[in-house]
Amino acid sequence: MHGADRAADSVHVRATLGKAAAENFPVAPAFLPRAWRDGLMAVYGYARLVDDIGDGDLAPGGRDAVLLGLDPAAVDDRLAMLDAFEADLHRVFGGTDGPPRHPLLLALRPVVRAHGLTPEPFLGLIEANRQDQRVARYETYGDLLAYCELSANPVGRLVLALTGTSTPERIRRSDAVCTALQIAEHLQDVAEDLGHDRIYLPAEDLRRFHVAEADLAAPSAGASVRSLIAFETERARELLNEGTPLVGSVSGRLRLLLAGFVGGGRAALRAVTAAGFDVLPGPPKPTKSGLLREVAAVLRTAPRKG
């Protein structure tokens, strides 16, 4: 690879990792040990890139396609890109045709080896993005939860694996938190998702609250849409409450990190509530002070286990 290509790829990688600042929760805060921060950012880079492929939100020019061994024009073929991305993931885990080609996956390889990570969570994130290409509506809440099992829960499981704290109970609590974070993001992004012809509000709930799809395209939400969003917000809050004991089951800096995840979800839901459940003008976002208040509240109230 030429020096100019390496420099361009370095900028490219930094742009992807830089999206961490826009998330509802802290990705790899400075108070964590360096090894944890490096691992979390490597996992975040992977998750962010696969989502950008699935959303058609890659940088222009087709560089990601070239890095994955495809023609630059293939950058617009999301399924082909996901297939190539999965093939590169297998190189992370010891494929026979050399090291990973994409720099974000190359950065992931030492993290996988150091922590004994398995392919399943990474494959789940790819499959979630494949599902996004095929499925644009979810009939039931159960269908949505099954999607979150692929799109969100693997991230929490990877955090536990990276920090060496996985247990069946912690995984169960983590899944509840991650699903809640995913639903909170869907609630914030109803208008944006509709612009991509995706609706993550279960169809059975739209009918229950007498909401038509056209109502979601309005400039602001009517009473029925607000009632629907309030209902889904409470569901997500209950999931967060179910997962909150995860924070009390660990100690030290990991406790702070997990409180950041739960607090971020609570702050996002509080922002939706503060907007009167009218998410249609744009995503209601929590303030930094609001986020810090929620994190502090989680740390005060999360039950500690011995």
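Which residue forms a salt bridge with Asp278? Arg226 does, with the closest N and O atoms 3.5 Å apart. A salt bridge here is a side-chain nitrogen of Lys or Arg within 4 Å of a carboxyl oxygen of Asp or Glu, and by this rule the count comes to 23 salt bridges. The model is predicted, so local features need pLDDT of at least 70 and side-chain atom pairs count only at pLDDT 80 or more, while totals for chains, interfaces and linings use all residues. Residues are numbered from 1 along each chain as its sequence is written, and side-chain values use heavy atoms, with hydrogens and water left out.

**Asp278 and Arg226**

- The pair of Asp278 and Arg226 has its closest N and O atoms 3.5 Å apart, and it links distant parts of the chain, 52 residues apart.
- Asp278 is in the loop between helix 14 (252-274) and helix 15 (288-301), and Arg226 is in helix 12 (residues 223-243); helices are DSSP runs (H or I, at least four residues), numbered from the N terminus.
- Asp278 has 10% relative accessibility and therefore counts as buried (buried means under 20% relative accessible area, exposed over 50%, partly exposed in between, with a 1.4 Å probe and protein chains only).
- Arg226 is partly exposed, because its relative accessible area is 31%.

**Glu232 and Arg235**

- Glu232 forms a salt bridge with Arg235, and their closest N and O atoms are 3.4 Å apart.
- The two residues are 3 residues apart in helix 12, so about one helical turn separates Glu232 and Arg235.
- Glu232 and Arg235 are both buried.

**Glu294 and Arg270**

- In the salt bridge between Glu294 and Arg270, the closest N and O atoms are 2.4 Å apart.
- Because Glu294 lies in helix 15 and Arg270 in helix 14, the pair ties together parts that are 24 residues apart in sequence.
- Glu294 counts as buried because its relative accessibility is 9%, whereas Arg270, at 53%, counts as exposed.

**Positive phi values**

- His210 is a residue other than glycine with a positive phi, near 55°.
- His210 is placed in the loop between helix 11 (203-208) and helix 12, and it counts as exposed because its relative accessibility is 67%.
- Phe277, also a residue other than glycine, has a positive phi near 65°.
- The loop between helix 14 and helix 15 holds Phe277.
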